Amino acid sequence: MTAAVLRALHHGPDLPLVLPGPWDAAGAKVFADAGFPALATPSAGVAASLGYEDGRTPTDEMFAAITRIARAVDIPVSADVEAGYGLSAKELVARLTDAGAVGCNLEDTDHTTGALRDAQEQADWLAQVRAEAGDALVINARIDTYLHGVQELEETVRRGRLYAEAGADCVYPILAPPPQLTDLATAIGLPVNAVVTPDGPSPRELGTLGAARITFGPGLQQRAMAAVAEMAKQLREELGAGTEA
């Protein structure tokens with residue numbers, strides 16, 4: 001599947017575009033078989049599945065996981081590659097292409113300092129990625145203002161406009177208050193990605209509030225592991241009952 005297919009899905013006719021987040025190839029096949037048109041890998045979910053903390057997955061292991069996921073399905077896959085792992089734009093695009101991904105998340109948190117990156121520097125970086133990729137990559141520019149406690153709508157819009165000018169296809173103001181989604185989409189002029197949280201609105205409600213793209217972060221992987229934990233508990237209880245008998 002091409003980036004053109006994924007890009008078009010962000011503009012309808014069936015919005016919001018709901019992208020489940022598979023953390024391995026088996027999960028990817030389940031979501032594809034269920035009829036979802038595209039997938040978006042979660043870096044935190046992949047990290048957990050590989051035994052790492054979020055943000056600690058070695059670059060080679062992350063791209064190997066993305067490769068397995070993309071290879072397992074015949075629908076577009078977008079990959080969360082955090083802040084780019086220190087790769088040059090050329091290296092990053094090449095590794096995404098080799099992995100079979102046709103889209104990516106790139107966030108504006110500096111993983112060296114843990115702080116927000118300068119907005120213009122991030123925009124320049126996104127422009128380099130766009131120049132290397134051409135139209136062959138859907139760039140979802142994550143804006144981490146709310147994650148860092150910067151609550152002003154104006155700063156999120158400022159960053160979003162810079163990233164749009166740099167060539168982003170979509171913006172992802174992670175943890176933005178849902179009532180602000182329509183204002184953000186209108187002011188920035190790009191489709192907006194919203195994340196589903198445990199106590200927040202449903203995917204359909206987020207779409208009504210202005211999100212064109214819906215993702216889940218590590219939420220689906222966490223729900224799956226909760227189900228596994230329940231199975232383990234039941235199995236131990238059954239073994240215990242058998243021993244007592």
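Which elements do the buried residues of α8 pack against? I will come back to that after a few words on the model.

This is a predicted model, in which local features need pLDDT of at least 70 and side-chain atom pairs count only at pLDDT 80 or more, while totals for chains, interfaces and linings use all residues. Residues are numbered from 1 along each chain as its sequence is written, and side-chain values use heavy atoms, with hydrogens and water left out.

First, the overall picture. The protein chain has ten helices and eight strands; these are DSSP runs, H or I of at least four residues for helices and E of at least two for strands, numbered from the N terminus. Its radius of gyration is 19 Å, close to the 18 Å that the globule rule gives for 245 residues, so the chain is as compact as a globular protein of that length. That radius is taken over C-alpha atoms, and the rule is 2.2 Å times the number of residues to the power 0.38. Along the principal axes, the C-alpha atoms fill a box of roughly 70 × 40 × 40 Å. Of the 245 residues, 46% are buried. Buried means under 20% relative accessible area, exposed means over 50%, and partly exposed is in between, with a 1.4 Å probe and protein chains only. Among contacts with a separation of 6 or more, 63% come from residues 24 or more positions apart; a contact means heavy atoms within 4.5 Å.

Now to helix α8, residues 181-188. Its buried residues are Leu 181, Leu 184, Ala 185 and Ile 188. They lie on the same side of α8, because they cover an arc of only 95° around the axis. The arc is that of the directions from the helix axis to the C-beta atoms. As a reminder, an α-helix has 3.6 residues a turn, so residues three or four places apart point the same way. And the opening question: the buried residues of α8 pack against α7 (153-165), β6 (170-173), β7 (193-195) and α9 (203-208). Just after α8, Gly 189 has a positive phi of about 85°.

Next, β6, one of those packing partners. Cys 170 and Tyr 172 point one way from this strand, Val 171 and Pro 173 point the other way, and all are buried. Strand β5, residues 138-143, runs parallel to β6 and is joined to β6 by four bridges. Asn 140 is the residue opposite Cys 170. With α7, these two strands make a right-handed β-α-β unit. Right-handed means that, with the strands pointing away from the viewer, the path from the first strand over the helix to the second runs clockwise.

Since Cys 170 has come up, what about disulfides? The whole structure has zero, a disulfide being a pair of cysteine sulfur atoms within 2.5 Å. For Cys 104, the closest cysteine sulfur is in Cys 170, 11 Å away and too far for a bond. Cys 104 is buried, at 0% relative accessibility, and Cys 170 is also at 0% and counts as buried.

There is also an open sheet of three strands, in the order β1-β8-β7, with parallel pairing. Two strands pair if DSSP finds at least two bridges between them. β1 (17-18) and β7 stand at the edges with a single partner strand each, so one side of each has no neighbour in the sheet. Two bridges join β1 to β8, residues 213-215, and Leu 17 has Arg 213 as its bridge partner there.

The loop between α1 (3-9) and β1 holds Pro 13 and Pro 16. The peptide bond from Gly 12 to Pro 13 is cis, with omega near 10°, and a cis bond also joins Leu 15 and Pro 16, with omega about 5°.

Trp 23 is buried, with a relative accessible area of 14%. Leaving aside neighbours within four places in sequence, the contacts of Trp 23 include Gly 45, Val 46, Ile 69 and Leu 220.

Last, two backbone angles to check on screen. Tyr 85, in the loop between β3 (77-80) and α5 (89-99), has a positive phi of about 60° although it is not a glycine. Tyr 85 is partly exposed at 21%. Leu 175, in the loop between β6 and α8, also has a positive phi, near 65°, and is partly exposed at 46%.
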